[in-house]
Amino acid sequence: MKNIKILIGIGLLLSCLNYSNCHFENGNDYFYEKPNIVRHELNNDFDTGCFYQTEPIDGEVQIAENFLLSNGQNAESNLVLRMPQPTDPFEGDTFISNKTYLSAYYSHLHENMPYNRLGICGYTGISMFLSFYDSYWNDDFIPEQYDSDISEITSDQLYSNSTDEYESPGVWNNIDSTYPSVDDLKNEIIKSGITDTESTEFKEALDRMVMGEVYEQIDDKTFLGKLFKIGIKNGSIKPHFIESEYHVANEGYVDGIGVNNDIMNSVLSDYIDDNDNLRGKVSIVTSKMNNSSVSEKNRIRSEIVEIVKTGRPVLMGGNGYTDSNRNGIQDKDEGTFGHVVVAYEYDEENDILYGNMGWRRPSQAYRNLDEYFNIQMSDYWSLNISSALPRSRTDNYIFTDKNCYYNPGLNEIYNIISPRDYGFPESYGEPTTVINKTVTLANTGEVFETKRVRCGYIEQECINISTKRYSPGLAYLEYTFDKDVYQIEVDLSWWSSTEKVHSYDSNYRIEYLITESVYFEVCDLWKDVSLSKNRNSPTKVTVGFPRGVRTFRFYGLASNPTNDRNKGRLSIFDMVL
């Protein structure tokens, strides 16, 4: 049994509303709906005003908000069980409402997501859904190898109303408009001489071509490939042939990578369950229509709206018809479609729900979902996060005008100390001379004291400590702050590949001051990390102190220190406090 919990509310576990044959045509993902009776799952633990999520009660089914709870009299009632609001979750004048969080992220997300060329709207939606939490809650939601580049913006751009002013961080994508769509693959098969689209030969050829695109993503180790791999493993993607095309695996044929409610549940839950950092800490909240009645349509929409109003994105699916003549009714020549999107903003005055369509276009990052889903909003997914996965600093935004990282989930700016900020000369200094200097960071006004021996700003490139040239072979750079420091992230490397120091004849470490003259080693730079020998590509070293410390240093000591040139050079680049 999976450790992840899908929280189940009032209702029977019935068959799922099925979406199949999801294709991408002219910017739309088309489903052909086969309506069935569906189960209703609703269990939420909401609070408003702050980006705050409470801990699910272990071993119990929680019904925190059930918007349509039957009382046995065929009447509707409201049951609201709210957890207490935390005291001052955000302090200072940088408080930002939940709506602004969501809008700032999703209205500017239009590139850093999978590109829908195979009817993959469900997988694109999962990517957009999780990447928000990866940037705003905890970096463990998506492993670093899948992350897009950091979003480099000025501090006044974050809440810009212009969707194309910058790009929100997400996942890196290697598909563009030149990649084939399902229709392109079909046309290629027809051009090859297989013209009967209903024939087994045509279906086999399309199955192979679609799965070729799927396996390409897996081989390229993209986030989309990660989701595809999960889909193949749990049976959400069922190719006719397994890896050897001579071995038939399934009766049917793949003609696109569409989804239904069961597939969305299984891929999302298996992704969380496969992630050691998320397993048992994140619960899925999901609900879908029990039938096609007006009350069920209203219920699903109202629940989506209520979740969005609390500051959470909602991954949701729905259906509509093209209404090309805009007469408000479905004419005979107007097809039915379905799509999976992320809903993130609600206009209460005009009663309009907005979302990101996942089509990698700025114009589709802020779209009226009520207008688009003119048949129904059918189902949705949200998350509950336990206290075992707390908000933590993420490094997906950097303010270029302040030279600092911004963590929107914590409303905090993190100092970046760059080599130029120290004001050190391009000189190592004498072998036994201790130099003291007060440094004030221009970006945040932070003040700290430094003490250094054989340390300088070399070639206006990085801060170096050099142990090999003079006796006694000692070099260090020490920092003292007037407030506690709990963690540093610093880029380090050797200056070159020939520094004439080794693990057996030198000691390089990061240590912090315990008492007036006693230091404690927290990181051995030989044993605990493998530092780059290419200073153009330094190693990121993260050190967490066991408690808040005021003084720490980079320390080096080399035996046989005399040398005709400066060697033993440890290079210190940007450091985040």
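Is Glu-306 buried, partly exposed or exposed, and what is its relative accessible area? Glu-306 is partly exposed, at 26% (buried means under 20% relative accessible area, exposed over 50%, partly exposed in between, with a 1.4 Å probe and protein chains only).

The views below show a predicted model, in which local features need pLDDT of at least 70, side-chain atom pairs count only at pLDDT 80 or more, and totals for chains, interfaces and linings use all residues. Residues are numbered from 1 along each chain as its sequence is written, and side-chain values use heavy atoms, with hydrogens and water left out.

**View 1. The protein as a whole.** The protein contains 8 helices and 24 strands (DSSP runs numbered from the N terminus: helices are H or I with at least four residues, strands are E with at least two). Of its 577 residues, 55% are buried. The whole structure holds 20 salt bridges (a side-chain nitrogen of Lys or Arg within 4 Å of a carboxyl oxygen of Asp or Glu).

View 2. Glu-306 and Lys-309 form a salt bridge, with 3.5 Å between the closest N and O atoms. The two residues are separated by about one helical turn because they stand 3 residues apart in helix H7. Lys-309 is partly exposed, at 36% relative accessibility.

**View 3. Arg-312 in its loop.** Arg-312 belongs to the loop between helix H7 (294–309) and strand S8 (314–321). Arg-312 counts as buried because its relative accessibility is 2%. Its side chain reaches the backbone oxygen of Leu-383 at 2.7 Å and makes a polar contact of 2.9 Å with the side chain of Asn-384 (a polar contact is a pair of N or O atoms within 3.5 Å; within protein, one must be able to donate a hydrogen and the other to accept it, and residues adjacent in sequence count only if both atoms are side-chain atoms). The C-alpha atom of Arg-312 is 7.2 Å from that of Tyr-344, a residue 32 positions away along the chain.

View 4. Side chains of opposite charge can pair when their charged atoms come close. Lys-451 forms a salt bridge with Glu-478, the closest N and O atoms lying 3.7 Å apart. This pair links distant parts of the chain, with Lys-451 in strand S17 (residues 447–453) and Glu-478 in strand S20 (residues 474–494), 27 residues apart. Lys-451 is partly exposed at 27% relative accessibility, whereas Glu-478 is buried at 6%.

**View 5. A buried pair and its network.** Arg-553 and Glu-511 meet through their side chains in a salt bridge of 2.5 Å, N to O. Both residues, Arg-553 and Glu-511, are buried. Salt bridges with shared partners join Lys-451, Glu-478, Arg-509, Glu-511 and Arg-553 into one network.
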